[in-house]
Protein chains: 4
Amino acid sequence: MKAAMIGLGRMGHNMAERLLRHGHELVIFNRTTSAYAGLVELGATVAPDLASLHALLTPPRVVWVMVPAGAPTEEVITQLFEILEAGDIIIDGGNSNFRDSMRRAQAARERGLFFIDSGTSGGIWGLQNGYCLMVGGEPEAVEIARPLFIDLAPEDGFLHVGPVGSGHFVKMVHNGIEYGLLQAYGEGFEILKASEFPLDLPAVAKLWNHGSVVRSWLLELLEKAYAENPDLKGIRGYVEDSGEGRWTVEEAIRENVPAPVITLSLMARFSSRQEESYSAKVIAALRNQFGGHPIKPE
Amino acid sequence: MKAAMIGLGRMGHNMAERLLRHGHELVIFNRTTSAYAGLVELGATVAPDLASLHALLTPPRVVWVMVPAGAPTEEVITQLFEILEAGDIIIDGGNSNFRDSMRRAQAARERGLFFIDSGTSGGIWGLQNGYCLMVGGEPEAVEIARPLFIDLAPEDGFLHVGPVGSGHFVKMVHNGIEYGLLQAYGEGFEILKASEFPLDLPAVAKLWNHGSVVRSWLLELLEKAYAENPDLKGIRGYVEDSGEGRWTVEEAIRENVPAPVITLSLMARFSSRQEESYSAKVIAALRNQFGGHPIKPE
Amino acid sequence: MKAAMIGLGRMGHNMAERLLRHGHELVIFNRTTSAYAGLVELGATVAPDLASLHALLTPPRVVWVMVPAGAPTEEVITQLFEILEAGDIIIDGGNSNFRDSMRRAQAARERGLFFIDSGTSGGIWGLQNGYCLMVGGEPEAVEIARPLFIDLAPEDGFLHVGPVGSGHFVKMVHNGIEYGLLQAYGEGFEILKASEFPLDLPAVAKLWNHGSVVRSWLLELLEKAYAENPDLKGIRGYVEDSGEGRWTVEEAIRENVPAPVITLSLMARFSSRQEESYSAKVIAALRNQFGGHPIKPE
Amino acid sequence: MKAAMIGLGRMGHNMAERLLRHGHELVIFNRTTSAYAGLVELGATVAPDLASLHALLTPPRVVWVMVPAGAPTEEVITQLFEILEAGDIIIDGGNSNFRDSMRRAQAARERGLFFIDSGTSGGIWGLQNGYCLMVGGEPEAVEIARPLFIDLAPEDGFLHVGPVGSGHFVKMVHNGIEYGLLQAYGEGFEILKASEFPLDLPAVAKLWNHGSVVRSWLLELLEKAYAENPDLKGIRGYVEDSGEGRWTVEEAIRENVPAPVITLSLMARFSSRQEESYSAKVIAALRNQFGGHPIKPE
């Protein structure tokens with residue numbers, strides 16, 4: 001089908017390529033033009049600006065937005081509100097907060113537009129494996145865009161999970177779980193590494209992918225990472241977070257759900273980014289005060 | 001090859017069956033005789049008692065012990081020390097603490113026996129999929145028993161990870177990771193369930209197995225569990241633990257490794273088994289004292 | 001000095017009494033009139049409604065609001081905006097979120113009013129011991145209200161901590177710490193209780209208040225609680241939370257500060273209020289799937 | 001009364017001084033003789049070696065051992081077993097693991113000796129304020145040594161908590177709680193420090209000691225630490241642990257008691273001592289694998 005893809009970063013570019021390879025007619029737009037490379041060759045039409053999407057697409061126009069969450073997404077969607085017409089469909093496939101998506105859907109509705117939030121998982125492997133898509137939105141809009149979802153996803157990898165907001169909500173929780181899984185593996189391999197046995201961690205990662213209870217796609221990637229770099233040389237123990245983890249914790253708190261593992265996984269990332277813990281400074285000062293315990297100088 | 005399997009519970013019975021189907025000559029022994037059903041038909045020889053293993057096997061005798069960790073394993077191995085001869089091999093395939101295995105290996109060594117600790121993962125699915133085997137022991141002994149390991153495991157699912165003790169150590173950490181993975185999924189699905197959206201949890205579990213970052217064998221089992229019982233009806237939120245999780249935490253502490261996620265996964269199990277938290281009682285009493293906050297009567 | 005106290009609940013009533021006993025001229029108002037008992041006798045003037053505060057006070061009018069955080073506080077402050085005049089001062093002494101206080105202060109400023117946020121600690125003991133006051137606001141307004149702060153607080157128990165919002169912020173963190181302290185004592189006494197030794201917990205609580213490193217006011221209250229009720233009979237292990245704990249966690253997350261202890265103290269309260277953990281149900285179902293581990297029926 | 005004090009480090013020296021000032025006749029012994037300074041002047045008799053304790057004391061001899069836990073304590077007590085006679089009393093006032101104390105008490109009993117474990121809290125302030133003493137042992141032995149306990153402790157600061165082992169057990173849990181309290185304050189002050197408000201942390205620490213719910217002896221020490229060093233300059237955020245915290249966690253696990261706060265306080269100390277988290281390295285490698293997230297170079 002005909003659709004537009006706005007934002008051709010790491011994710012958007014691959015998704016556009018996958019759609020083109022499945023025969024869709026894509027109009028593409030990106031802030032910087034270097035991103036068009038590889039897609040034009042596959043038949044994509046470059047839009048000179050967002051406004052031209054109106055003419056380059058046919059109603060109901062379907063525009064997939066794949067730009068960073070927060071201000072960039074807000075900006076693009078606000079512009080699309082001016083450009084599109086009643087009945088057209090905006091799909092936010094990025095990592096937006098589901099509450100933002102609910103707010104944007106409400107604003108879209110007031111303009112007669114449809115808004116779909118598509119939580120998208122699969123990372124850089126999605127081009128090849130397909131993307132797992134968790135889609136929230138009104139049934140009629142989801143129906144129209146279905147051919148895109150079907151071809152972006154592997155078999156059974158697309159689901160209309162519920163009303164607007166639920167797509168990004170389910171994706172948010174998905175990422176919260178991901179934090180926990182990563183931290184569980186991380187801790188396990190650190191315990192192995194610190195052990196009294198001279199273990200071959202790359203070999204263990206590979207082994208566990210064959211028949212063990214903890215086998216998973218992430219563990220396959222760890223096997224791959226170790227195969228490429230057995231000592232993880234050059235990789236600093238510094239872990240960013242991109243929002244979904246903290247939102248998951250906030251929602252857990254809002255729901256009164258204890259989520260110690262997801263929360264501590266997030267906070268371990270904070271720790272990884274600290275040069276030093278002020279909390280630990282306070283405790284060191286206190287231990288010196290009450291017990292005369294020596295202080296380690298800075 | 002010829003070998004004995006002692007202990008034909010959930011795990012041992014399946015392992016014996018898998019070995020028999022791969023053409024090994026098995027002598028079997030179990031505390032209760034009903035466990036022989038199904039194995040004799042596949043050609044297993046029943047040993048009337050442990051002592052008869054001496055005559056029923058040929059040197060170097062290989063005896064796989066698959067009984068519950070702790071006292072039962074201790075008892076069987078102690079008896080085998082009396083029955084076997086220099087050069088014979090005892091394999092503990094159960095969930096023994098690796099420090100016990102190191103101690104038993106030392107005792108075996110003093111008698112001229114070999115001791116191998118084989119961490120075994122795969123659960124009830126191992127019969128069909130093969131077992132992931134993490135094996136610790138002396139190379140010459142592992143070499144002799146290799147045909148068993150090869151046929152119990154799927155391809156690449158057996159590894160001689162290091163000296164005696166390291167097999168059970170690696171298995172212990174494996175289970176610690178498993179605790180963390182389970183808790184991460186558990187928390188995620190609880191957050192989904194408590195959400196403002198009417199989500200179809202079985203459908204989400206299935207969806208995530210197709211292309212998402214959190215896909216795993218455990219998630220496939222969750223999909224299966226939900227397919228059989230979408231509301232998890234009749235399943236109480238009560239989780240046992242069988243030792244490896246707490247040992248993993250103890251080792252992490254011994255190693256000075258922060259392992260918050262594995263630890264809290266263990267403690268969440270403790271909480272699941274408490275009728276009421278005494279800690280919470282203390283806090284409720286204190287909040288009443290300082291703030292006049294009302295107490296909920298028992 | 002002359003001032004009004006709005007809201008005569010557990011906290012407000014005691015604070016009004018303390019101010020009256022220190023010779024202040026108080027105008028009081030409460031949603032229900034039974035709360036006036038005891039205060040009129042001490043010389044308080046009852047305002048028939050909020051509007052009459054305009055006439056009953058003299059400029060700059062100082063109005064202390066001591067009603068529940070959230071909607072009740074919002075409502076009272078919104079009404080005061082209509083009643084008061086430029087130069088008048090609203091003090092929110094309740095447990096409002098500091099971001100709400102910043103917003104209200106902005107709205108007050110636009111009307112020429114002053115807004116002060118006074119974090120108030122001390123609980124039901126404040127009447128006797130004085131309240132610890134963490135005050136945020138503009139210096140000139142804080143100066144005018146200073147006589148109230150001085151007499152509500154014990155010596156050194158009042159501080160102008162910074163601009164508007166900072167009072168409630170510091171109080172919020174104070175309560176976050178309180179959650180951690182309570183949980184630490186709770187866990188400790190639970191470990192004592194579950195021990196192999198037949199310990200006299202009330203005696204230990206008392207003992208630790210004499211010379212030990214963990215002595216504190218909270219521990220004195222625990223000593224008192226145990227003295228009144230050695231078995232904590234009739235007190236259910238069910239712990240409410242009133243907002244500041246969860247806000248502290250949210251701010252810690254916003255600041256990228258790891259705060260595992262405060263966070264887990266909050267989540268332990270969630271657990272205390274759950275009949276059953278859905279997370280544990282999921283894990284029980286999974287353990288049954290992979291290991292055949294028995295399920296505990298509901 | 002007459003008694004010996006073995007080990008005159010930070011704790012032992014002060015305790016000896018306190019006993020001498022209360023009129024007790026002390027025989028003292030230390031590995032290095034410089035520690036005798038200040039005590040001889042107060043009337044202490046120096047023992048040239050441990051063996052001479054036999055002659056320098058009168059039956060029932062009371063020997064207080066105040067040396068580091070572990071090997072040094074083991075060594076001294078083993079020697080005392082040879083030197084002392086039936087009916088004599090050994091008091092271990094150090095931070096021994098309670099299970100070691102139970103074992104040593106059993107060995108003492110077999111020799112007709114009494115063994116008392118006295119958990120001792122109060123740190124370097126004990127000289128002035130008295131020590132909180134948690135004493136385990138047989139009643140008749142505790143009775144004989146009572147004058148020492150009474151004078152070492154402040155009023156109500158000594159308790160015979162139960163049989164041998166229980167003294168060190170209660171002290172262990174005391175320290176576990178202390179870990180939690182310290183961490184709660186540490187986190188709180190870090191959240192204050194990272195806030196958008198320019199807060200005066202030393203002033204807040206002082207403020208909270210006046211009327212607030214979180215006031216405590218530890219907070220008084222923090223006030224003092226900040227008064228001496230408002231920026232905690234020269235104090236590295238590096239926190240040692242001396243055993244009781246990890247034992248508390250191990251016992252909590254043995255008892256199936258969830259103790260998230262005490263445990264995470266311990267693990268925060270581990271983190272404070274790590275240059276880098278290997279766990280975080282693993283996660284950074286994995287995020288790069290699945291999402292192409294950039295790696296921070298070492």
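This is a predicted model: local features need pLDDT of at least 70, side-chain atom pairs count only at pLDDT 80 or more; totals for chains, interfaces and linings use all residues.
**How chain C sits against chains A and D**

The same surface serves both copies, as 100% of the contact residues of chain C recur in chain A (contact being heavy atoms within 4.5 Å).

Residues are numbered from 1 along each chain as its sequence is written, chains are lettered from A in the order in which they are written, and side-chain values use heavy atoms, with hydrogens and water left out.

Back to chains C and A, where 21 residues of chain C are in contact with 21 residues of chain A. The two chains bury about 1700 Å² between them, 72% of it on carbon and sulfur atoms (the accessible area, with a 1.4 Å probe, that two parts lose on being put together, summed over both). Ile253(C), Pro258(C) and Met267(C) supply 34% of what chain C buries against chain A, more than any other three residues. Zero salt bridges turn up across this interface (a side-chain nitrogen of Lys or Arg within 4 Å of a carboxyl oxygen of Asp or Glu).

Next comes chain D. Chain C can be laid on chain D by a turn of 180° and a shift of 0.0 Å along the axis, with an RMSD of 0.0 Å. The two copies are thus related as by a two-fold rotation axis. In chain C, the C-alpha of Ser216(C) is nearest that axis, 1.9 Å from it. Here too the same surface serves both copies, with 100% of the contact residues of chain C recurring in chain D.

Trp208(C) touches residues of both chains, among them Phe189(C), Leu192(C), Cys132(D) and Met134(D), leaving aside residues up to four places away in sequence. As for cysteines, Cys132(A) is buried, at a relative accessible area of 0% (buried means under 20%, with a 1.4 Å probe and protein chains only). Cys132(B) is likewise buried, at 0%.

Definitions and conventions:
Copies are superposed by least squares on the C-alpha atoms of residues with pLDDT of at least 70 in both. Buried means under 20% relative accessible area, exposed over 50%, partly exposed in between (1.4 Å probe, protein chains only).
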